[in-house]
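Subject: Structure handover

Hello,

Here is the structure you were expecting, with my notes below it. Please read the notes with the model open.

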Amino acid sequence: MGVLNMASGQSMCRGYEYFKEKRVVRMDERDKGILTGAVSGSDGKIYDVTVNVAHPRKSRCNCLHAKGRQIVCKHMVAVYFTAFPQEAEEYITEPENYWEEEEQRKQENEERLLKYVSKMKKSELQDALLDLLFEGPEWQYDRFIRENIDC
């Protein structure tokens, strides 16, 4: 499991912000896969960070959140992104790409559905509507009754 997989969503987000704000004041690769750094925290305090890329649970930071715990904090994420800026770029672009593709899929499905429904006979439409109302969630049935029948 990698460094980024072990970080919480909040640590990832804040660590990315720290990376973009250039709060990593020092970063070195001590040994292959062992990153050491210093990160300026939101309170102005400098936190000492060691990130073990191969074994993230061995990473350390002297911040209150991570001290004495086997977690990945925002300071570790910031150091990691400083060492691997392409990972930071992927962190930002992957969700954007996903939602763009998801929106495209949604539009294509809507077009296919409209085309399919427009070709249905009246009796097929009535049967489909009744199936949805009787087999669907109760709130859907109640809402249909309330909006269309209880006038």
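Which helices each supply at least two residues of the lining of the largest pocket? Helix 2 and helix 3 do; helices (H or I, at least four residues) and strands (E, at least two) are DSSP runs, numbered from the N terminus.

Before the rest, two notes on how to read this. This is a predicted model, in which local features need pLDDT of at least 70 and side-chain atom pairs count only at pLDDT 80 or more, while totals for chains, interfaces and linings use all residues. Residues are numbered from 1 along each chain as its sequence is written, and side-chain values use heavy atoms, with hydrogens and water left out.

The pocket

The largest pocket holds about 210 Å³ of space. A pocket here is found on a 1 Å grid over the protein atoms alone, as an open set of points where a 1.4 Å probe fits, with protein on both sides within 12 Å along at least five of seven lines; lining residues have an atom within 4 Å of a point. Grid points are joined across faces, edges and corners, and the volume is the space filled by probe spheres set on the points.

The lining has 15 residues, and those nearest the centre of the pocket are C63, H65, C73, K74 and H75. Helix 2 gives the largest share of the lining, 4 residues. By class, the lining has 5 nonpolar, 7 polar and 3 charged residues (Ala, Val, Leu, Ile, Met, Phe, Trp, Tyr, Cys and Pro count as nonpolar, Asp, Glu, Lys and Arg as charged, and the others, Gly among them, as polar).

The core and helix 3

The largest nonpolar core has 27 residues, and V51, C61, M76 and F81 have the most contacts inside it. Such a core is a set of buried Ala, Val, Leu, Ile, Met, Phe, Trp, Tyr and Cys residues joined through side-chain atoms within 4.5 Å. Helix 1 (3-6), helix 2 (9-20), strand 2 (34-40), strand 3 (46-52) and helix 3 (74-83) each supply at least two of its residues. Helix 3 gives the most, with 6 residues.

Helix 3 is largely enclosed by the rest of the structure, because 7 of its 10 residues are buried. Buried means under 20% relative accessible area, exposed over 50%, and partly exposed in between (1.4 Å probe, protein chains only). The buried residues of helix 3 are H75, M76, V77, A78, V79, Y80 and F81. M76 is in contact (heavy atoms within 4.5 Å) with V49, V51, S59, R60, C61, A66 and I71, leaving aside its neighbours within four places in sequence.

Salt bridges

The whole structure has 5 salt bridges, each a side-chain nitrogen of Lys or Arg within 4 Å of a carboxyl oxygen of Asp or Glu. Three of them are described here.

- E102 and R105 have their closest N and O atoms 2.7 Å apart. Both residues lie in helix 4 (residues 85-118), 3 residues apart, about one turn of the helix. E102 is partly exposed at 29% relative accessibility, and R105 is partly exposed at 36%.
- R143 and E147 have their closest N and O atoms 2.9 Å apart. Both residues lie in helix 6 (residues 138-148), 4 residues apart, again about one turn. R143 is partly exposed at 41%, as is E147 at 48%.
- R23 and E21 meet through their side chains at 2.7 Å, N to O. R23 is partly exposed at 22% relative accessibility, and E21 is partly exposed at 46%.

On the spacing within helices: an α-helix has 3.6 residues a turn, so residues three or four places apart point the same way.

Other residues to look at

K22 is in the loop between helix 2 and strand 1 (24-31). Its phi is near 55 degrees, a positive value in a residue other than glycine. K22 is exposed, with a relative accessible area of 68%.

R26 is in strand 1 and is partly exposed at 38%. Leaving aside neighbours within four places in sequence, R26 is in contact with T36, G37, A38 and D48.

E17 is in helix 2 and is partly exposed at 29% relative accessibility. The C-alpha atoms of E17 and G44 are separated by 15 Å, and the two residues are 27 apart along the chain.

Regards
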